[in-house]
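Here are some notes for someone opening this structure for the first time. They are set out as numbered points, to be read with the model on screen.

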Amino acid sequence: MAESHTWWKEAVIYQIYPRSFMDANGDGIGDLKGITQRIPYLSKLGIDVVWISPVYASPNDDNGYDISDYRAIMKDFGTMADFDELLKVAHAAGIKIVMDLVVNHTSDEHAWFIESRSSRTNPKRDYYIWRDGKDGGAPNNWESCFSGPAWQYDEATDQYYLHLFSKKQPDLNWENPKVRDDVYDLMTFWCDKGIDGFRMDVISMISKDQRFPDGPMKDDGYGDFSPYCISGPHVHEFLQEMNARVLSKYDLLTVGEAAGVTIDEAKKYARADGKELGMVFEFEHVDGGNGRGSVIEKWTTGKPKLANVRAILNKWQTELEGCAWNSLYWDNHDQPRCVSMFGSAAPEYRERSAKMLATCLHMMKGTPYIYQGEELGMTNTHFTSIDDCRDLEEKNAWQQFVIDQKRVSPETMLACFDNMARDNARTPMQWDASVNAGFTTGTPWIAVNSNYRDINAANEVDDPASVFNYYKKLIDLRHTHDIIVYGTFRPLLEDDPHVYAYARELDGKRLLVACNWTKDEVPCTLFDDVQGTELISNYPENAHKKSALQPYEARVVLL
Ligand code: GLC
Ligand code: CA
């Protein structure tokens with residue numbers, strides 16, 4: 001079936017985590033003015049759209065994913081005037097701006113929650129999910145995503161409220177039509193400012209099974225809420241209503257963050273007729289099912305296995321063909337750095353493997369997302385103690401698994417953090433070799449990765465062989481070759497132990513892509529007898545070997 005053409009299918013998105021991108025005023029925290037200063041850098045890279053992690057007023061329990069006022073800018077990040085200026089400068093440079101929309105929950109310091117908790121009869125009581133306790137404890141056994149129970153007892157009214165994330169992130173009650181009206185109003189407020197889309201935080205969790213049953217027991221002693229909260233009973237009704245009331249009135253990019261989403265559900269969220277969202281972020285290829293194993297819950301020192309990652313991504317590619325659109329990503333602010341997780345951060349392989357991974361992803365069908373610093377091949381950092389950590393997920397896991405339950409030694413947990421912690425992605429952007437990597441003239445809120453003198457934008461921007469310029473070329477290719485955007489995806493060599501290969505096809509043309517996921521030279525005859533044009537490779541064109549791919553080699557040939 002021919003794919004309908006839209007701008008957001010043809011675009012490459014760049015994600016900014018504002019806290020760590022660029023600090024313009026020297027307080028150690030990235031800000032809106034800093035982003036505006038760096039628009040020329042983004043223009044040079046050639047991306048089309050910036051998605052900015054939340055910049056709204058927030059007490060920062062979860063770095064802005066706990067919002068206390070949806071119509072105000074976080075003080076650390078600047079003012080509404082700074083935002084308007086950023087939007088203007090970005091638009092003038094031809095860059096669109098996508099906002100993060102966090103409406104599964106608010107901050108407990110949002111005015112709605114302050115009213116809601118004040119009494120059982122307050123008109124805002126039903127804006128959140130309040131229940132009586134059971135048998136002297138919480139209403140059910142659900143565990144929050146950040147360790148510990150998903151229910152918090154509130155003495156003032158002798159009831160519990162639900163928080164799937166931290167206790168400072170109470171879940172909104174989407175069953176209440178007034179909540180939905182208010183959400184649509186605040187979305188309209190931002191659309192009328194002229195923004196170009198929304199990335200919707202944990203949008204797959206807004207509808208909860210109203211019976212609130214216990215979940216299956218996990219190995220840490222709590223119950224799993226997923227069967228009752230992920231793609232819950234009314235989620236598609238709510239999104240269709242949101243679409244009719246807001247989204248359909250503008251020309252927006254919409255992407256739903258959808259942990260736990262199945263292919264069948266994704267076909268509904270990202271349905272081709274556009275009645276819900278444009279696309280979703282699936283999680284399978286970054287979750288435990290990718291073969292990395294587990295020490296406890298998400299924590300592990302293991303690495304994903306090619307066979308698992310390939311099977312997962314190939315399945316998403318082929319099954320959404322013609323009925324829904326894919327998003328493509330290796331990392332973001334919640335994931336470790338992709339070169340460390342899927343490639344190799346060792347100095348001899350870092351650049352090659354970063355380029356290989358970029359090729360593997362950017363030649364697939366879907367809209368690619370680049371997370372700040374990925375285009376430089378930034379790596380995971382090293383945690384020497386819990387004091388290096390800033391993320392509440394790490395702090396809570398430390399408390400639960402190391403201190404309270406004593407199930408994991410401090411050394412093991414730190415090794416797991418080096419591999420998996422979200423803070424790996426949140427160390428400051430590495431701009432140059434000056435102190436604090438040019439991110440701030442003050443003290444950065446989280447330590448800069450010690451490798452910034454070698455890995456930084458100033459080194460890379462003018463070096464034609466850099467990771468940066470490789471990403472730039474991949475972006476250019478997507479902009480010039482329809483087949484990269486709209487061609488159908490066909491898996492190749494599905495049982496090869498080392499090589500991820502596939503073809504794209506459009507109007508009688510064929511694109512061959514092969515990526516060696518290992519540090520060894522491996523056999524591959526895919527290119528032996530083909531006549532075509534090499535579009536990109538991380539090895540010079542005259543350095544390829546017959547019937548083989550060299551360490552982390554990636555090749556793309558158009559036939
Ligand atoms: C999403 C965000 C993550 C945040 C969580 C709660 O997963 O990406 O950073 O902690 O939702 O809002
Ligand atoms: Ca600042």
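Predicted model: local features only at pLDDT ≥ 70, side-chain atom pairs only at ≥ 80, totals over all residues.

1. Leaving aside residues up to four places away in sequence, Arg 422 touches Asp 62, Phe 146, Lys 298, His 333, Asp 334, Asp 391, Leu 392, Glu 393 and Glu 394. Arg 422 sits in the loop between H13 and helix H14 (457-461). Its relative accessible area is 7%, so Arg 422 is buried. One of the residues it touches, Asp 334, also takes part in a polar contact: the side chains of Arg 422 and Asp 334 meet at 3.1 Å.

2. Lys 365 is another charged residue to look at. Where is Lys 365 found? It is in the loop between H11 and strand S13 (367-371). Lys 365 has a relative accessible area of 6% and is therefore buried. A polar atom of its side chain lies 3.4 Å from the backbone oxygen of Tyr 486. Not counting residues up to four places away in sequence, Lys 365 touches Glu 3, Gln 317, Glu 321, Trp 325, Asn 326, Leu 328, Val 485, Tyr 486, Gly 487, Thr 488 and Arg 504.

3. Helix H11 itself holds Leu 357. Is Leu 357 buried or exposed? Its relative accessibility is 0%, so Leu 357 counts as buried. Beyond residues up to four places away in sequence, Leu 357 touches Trp 330, Cys 338, Val 339, Phe 342, Gly 343 and Trp 517. For a sense of scale, Leu 357 and Glu 237 are 120 residues apart in sequence, and their C-alpha atoms are 37 Å apart in space.

4. Next come the helix pairs. Two packed helices are described by the angle between their axes and the distance between the axes. For helix H11 (residues 350-362) and helix H15 (residues 467-480), the axes come within 10 Å and cross at roughly 15°. Angles under 35 degrees count as roughly parallel, so H11 is roughly parallel to H15. The crossing of H11 over H15 is right-handed. On the H11 side, the contact is made by Glu 351, Ala 354, Lys 355, Ala 358, Thr 359 and His 362. H15 contributes Val 467, Tyr 470, Tyr 471, Leu 474 and Arg 478. Sorted by class, this contact has six nonpolar, two polar and three charged residues.

5. Which residues join H5 to H7? The two helices, H5 (residues 177-193) and H7 (residues 235-245), pack at an angle of about 40° with their axes 10 Å apart. That angle makes H5 oblique to H7. H5 passes H7 in a right-handed crossing. The contact is made by Arg 180, Asp 181, Tyr 184 and Met 187 of H5, together with Phe 238, Glu 241, Met 242 and Arg 245 of H7. By class, there are four nonpolar, no polar and four charged residues in the contact of H5 with H7.

6. H5 also packs with helix H3 (residues 80-92): the axes of H3 and H5 come within 11 Å and cross at roughly 50°. H3 and H5 are therefore oblique to each other. From H3, the residues in contact are Met 80, Phe 83, Asp 84 and Leu 87. From H5, they are Phe 189, Trp 190 and Lys 193. By class, the contact of H3 with H5 has five nonpolar, no polar and two charged residues.

7. Glu 297 is not a glycine, although it has a positive phi of about 50°. Glu 297 is placed in the loop between strand S11 (279-281) and helix H9 (306-320). With a relative accessible area of 29%, Glu 297 is partly exposed.

8. What is the phi of Lys 406? It is positive, at about 50°, although Lys 406 is not a glycine. Lys 406 lies in the loop between helix H12 (392-404) and helix H13 (410-420). Its relative accessibility is 65%, so Lys 406 counts as exposed.

How values were computed:
Residues numbered from 1 in each chain as written. Chains lettered and ligands numbered in written order. Heavy atoms only, no water. Axes fitted to C-alpha atoms, helices over the stretch in contact; angles between N-to-C directions. Helix = DSSP H or I, 4+ residues; strand = E, 2+ residues; numbered from the N terminus. Parallel < 35°, antiparallel > 145°, perpendicular 65-115°, else oblique. Left-handed = near helix turned anticlockwise from the far one by under 90°. Contact = heavy atoms within 4.5 Å. Buried < 20%, exposed > 50% of the residue type's maximum accessible area, 1.4 Å probe, protein only. Polar contact = N/O pair within 3.5 Å; in protein donor to acceptor, adjacent residues only side chain to side chain.
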